[in-house]
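Colleague: I have just opened the file and would like to talk it through with you. Can we start with the overall fold and then go to the details?

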Amino acid sequence: MARRVALLGATGSIGRQTLEVLRGHREEFTLVSVAAARRLDELADIAREFAVTHIGVAREEDRAMMAGKLAGRADVVAGPAGLAQLAREADIVVNAVVGFAGLPVTLAALAAGKRLALANKESFIAAAPLVERVRATPGAEVVPLDSEHCAIHQCLAGSSAPGHPDVRALWLTASGGPFRGWTRDRLAEATRQDALHHPTWSMGPKITVDSSTLMNKGFEVLEASALFGIEVDRVKVVVHPQSIVHSMVEYVDGSLLAQLARPDMRLPIAYGLGYPERLADGWGALDLTQRLSLTFEPPDVEAFPAIPLAYAAARAGGAAAAWLSGANEVAVDAFLAGRLRWSEIVPVVATVMDGFVDGPMREVADVVAHDAAARDRAARAITVHS
Ligand code: NDP
Ligand code: MG
């Protein structure tokens, strides 16, 4: 029987590519629900094409309008509670929402014992202690869509002992982003246009900016550590500009397992939907009859302090990742709105982290409070930096 898929964040970069994969596999998967925030005409088109039965919108005030567009053919829910409801009512939940807003999807899907096909890394790391708890629900599983983590998931096959004692290190590859090799002086002049031009991936604006500061790689270090239960000091970053090796696992005997494919997110998306089976698409097939050069170099952590900042947050534990992610989201929004220079994004986050105050992380309300505290401090830091 076809598995029921909820695609939350359907109008974004991951959302659209998920739809492409689903179009090729209508027998195996039925799209039952979709959600988005602002691109509501596009959301309605998707709902009609796939004849979905449930739609989620971010704002309550858009509910009636969306119901009208669909002429009663689908139920419309709104807000975080609506997202959570949709996540509980599918077999596979694709969390393609951007930022902290993805939290209800992750928690509800896992608490209901579903497969979470995870793109939304921000809420996963911000709420890691809570996520850890709900992952223990029978049936709950996380299959990562982030290309690096999807690669590691594949390279870890056969390493099943808790904490992976047979693994020496996880090696996350980083393209280096648009500013690889730039000096600090040149980086001080980086513009919005420069930052939005990623050399190997076409993605939504927030993760494209996060890739330019390498905060995205910092988040991925936290994501890998939480996802695979491996201490952060065993998670390493290496710059690999071709984006062909998506990540690697180094075993204690010195063997290094890598996953290679063309940089195409439809491959990890198809993996996340089909796992443990492989969908026969070949999106990422490499042409090995052509000359292929792969290079690796250490990241420049002085020019890109987001990476050490993320390791520091990982070592601090508790609510530090929630602060890091919340502060970064505000700084990136300000940059995209033209209110903050590129070179001030990470300094704003660093200022917030300097004032980090830990506290309980037991309930969703605790995570929300930490996120709000970090946002508030980031907003204040931006007025000083801008
Ligand atoms: P986009 O900005 O392209 O898309 C974000 C999606 O989330 C849109 O559909 C948007 O709706 C929706 N959305 C935003 N807020 C809400 C809300 N409150 N309720 C419901 N839907 C909401 O982002 P990407 O697709 O690039 O990224 C999505 C996530 O995947 C991020 O966490 C990113 O880090 C991660 N990721 C992305 C990769 C990529 O290649 N793009 C690679 C690896 C990870 P609308 O557009 O209608 O406002
Ligand atoms: Mg990634």
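Modeller: Before the fold, one term is needed: two residues are in contact when they have heavy atoms within 4.5 Å of each other. This is a predicted model, and in its chain residues 24 or more positions apart account for 67% of the contacts with a separation of 6 or more.

Colleague: How many helices and strands are there in the chain?

Modeller: The chain contains 17 helices and 11 strands, and its C-alpha trace spans about 55 × 50 × 40 Å along the principal axes.

Colleague: What is the radius of gyration, and what would a compact globule have?

Modeller: The chain has a radius of gyration of 20 Å, which agrees with the value near 21 Å that a compact globule of 386 residues would have. Of those 386 residues, 55% count as buried.

Colleague: Switching to the metal, which residues are the protein donors of the magnesium ion (ligand 2)?

Modeller: The donors are D146 and E148, through OD and OE respectively, together with E220 through OE, and they lie 2.1 to 2.2 Å from the ion. Along the chain these donors follow the spacing D-x1-E-x71-E. Distant parts of the chain are linked here, since D146 sits in the loop between β7 (141-144) and α8 while E220, 74 residues apart from it, belongs to helix α12 (residues 215-228).

Colleague: And are D146 and E220 buried or exposed?

Modeller: D146 counts as buried because its relative accessibility is 8%, and E220 also counts as buried, with a relative accessibility of 1%; the cut-off for buried is under 20%.

Colleague: What about cavities, how many of 30 Å³ or more does a search of the whole structure find?

Modeller: The search finds 1 cavity of 30 Å³ or more, and the largest cavity has a volume of about 30 Å³. Its lining is made up of S147, C150, Q154, H246, Q259, L267 and P268, which divide into 3 nonpolar, 4 polar and no charged residues.

Colleague: Which helix gives the most to that lining?

Modeller: That is α8, with 3 residues; α8 (147-155) and α13 (266-274) each supply at least two residues of the lining.

Colleague: I was also looking at α11. Why would you call it largely enclosed?

Modeller: Helix α11 (residues 205-213) has 7 buried residues out of 9, so it is largely enclosed by the rest of the structure. The buried residues are K206, T208, V209, D210, S211, S212 and T213, and what covers them includes α6 (121-126), α10 (192-195), α12, α14 (306-316), α15 (320-336) and α16 (345-354). Following α11 is L214, whose phi is positive, near 70 degrees.

Definitions and conventions:
Residues numbered from 1 in each chain as written. Chains lettered and ligands numbered in written order. Predicted model: local features only at pLDDT ≥ 70, side-chain atom pairs only at ≥ 80, totals over all residues. Heavy atoms only, no water. 1 Å grid on protein atoms, 1.4 Å probe; cavity = no way out; pocket = protein on both sides within 12 Å on 5 of 7 lines; lining within 4 Å. Points joined across faces, edges and corners; volume = space filled by probe spheres on them. Helix = DSSP H or I, 4+ residues; strand = E, 2+ residues; numbered from the N terminus. Nonpolar A, V, L, I, M, F, W, Y, C, P; charged D, E, K, R; others polar. Donors = N, O, S within 2.8 Å, 3.2 Å for Na, K, Ca; no water. Buried < 20%, exposed > 50% of the residue type's maximum accessible area, 1.4 Å probe, protein only. Rg over C-alpha atoms; globule rule 2.2 N^0.38 Å.
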